[in-house]
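Hi,

Here is the structure I promised to pass along. Have a look at it first, and then read on for my notes.

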Amino acid sequence: MLLVTTDTVEGKKLETLGLVSGSMVKSKNMFKDIGAGLKNVVGGELVSYTKMLNESRDEATARMVKQAEAMGADAIVAVRFASSAVAQGAAEMLVTGTAVKFVD
C-alpha cells in the first residue's frame, strides 16, 4: 500500500474511494511516568514517551491501511497525523487519509 502526504500520485489517475483513518490511545505505566517527570526537571528526551508515540503511530497507520485494503484501495493520499493528550500519561495518535484506486 502506497502512502503519500500529497493529494496526487505522480503519473497516476486516481479514483477516490473515501476517507480512511486509524487511531490508537496508549499510556505508560506509573513508574515510567514518574521517571519522565524527573526527566522534565533536568531536561532531555523523554525516551519512553517517544517510544510510546512511535508505537501508537505505527499501530494507527496499520489500522488505517487495513481499512483502505478492505475498500480495495491501491494507495492512500493526503495522509495526515495528529496527536493529543487524553489523560495524564496517555496520548492518542490519529492518522487520516483518502483511499484511492489507480485508474488506467
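What share of the contacts in the protein with a separation of 6 or more comes from residues 24 or more positions apart? Such residues account for 75% of those contacts. Please keep in mind as you read that this is a predicted model.

Let me start with the fold. The protein has 2 helices and 4 strands, and along the sequence they follow the pattern β-β-α-α-β-β. The 4 strands form an open sheet with mixed pairing, in the order β1-β3-β4-β2. At its edges are β1 (2-3) and β2, each of which pairs on one side only. Strands of a sheet pair through backbone hydrogen bonds, in either a parallel or an antiparallel sense. For β1 and β3 the sense is parallel, over 2 bridges, and Leu3 stands opposite Ile76 in β3.

Next, the interior. Of the 104 residues, 30% count as buried. The largest nonpolar core has 12 residues, including Val20, Met24, Met64, Ile76, Val79 and Met93. At least two residues of this core come from each of β2 (13-27), α2 (47-70), β3 (75-87) and β4 (90-103). It is α2 that gives the most, with 4 residues. Another core, of 5 residues, lies apart from that one; Val4, Ala75, Val77 and Val100 are among its members.

Setting aside neighbours within four places in sequence, Met24 is in contact with Ser56, Glu59, Ala60, Arg63, Ala91, Glu92 and Met93.

One is Ala78, which is in strand β3. Its phi is near 55°, a positive value in a residue other than glycine. Is Ala78 buried or exposed? Ala78 counts as buried because its relative accessibility is 18%, and the cut-off for buried is under 20%.

The other involves a ring: the charged end of Lys12 sits over the ring of Phe102, 4.9 Å from the ring centre. As for aromatic pairs, the structure holds 0 of them.

Last, the surface: the accessible surface of the protein comes to about 6500 Å², and carbon and sulfur atoms make up 54% of it.

Happy browsing, and do write back with any questions!

Best wishes

Technical notes:
Residues numbered from 1 in each chain as written. Predicted model: local features only at pLDDT ≥ 70, side-chain atom pairs only at ≥ 80, totals over all residues. Heavy atoms only, no water. Core = buried A, V, L, I, M, F, W, Y, C linked by side-chain atoms within 4.5 Å. Buried < 20%, exposed > 50% of the residue type's maximum accessible area, 1.4 Å probe, protein only. Contact = heavy atoms within 4.5 Å. Areas by Shrake-Rupley, 256 points an atom, 1.4 Å probe, with all protein chains shown as cover. Phe/Tyr/Trp six-rings, centres within 6.5 Å; stacked < 30°, edge-to-face > 60°. Lys NZ or Arg CZ within 6 Å of the ring centre and 35° of its normal. Pairing = 2+ DSSP bridges.
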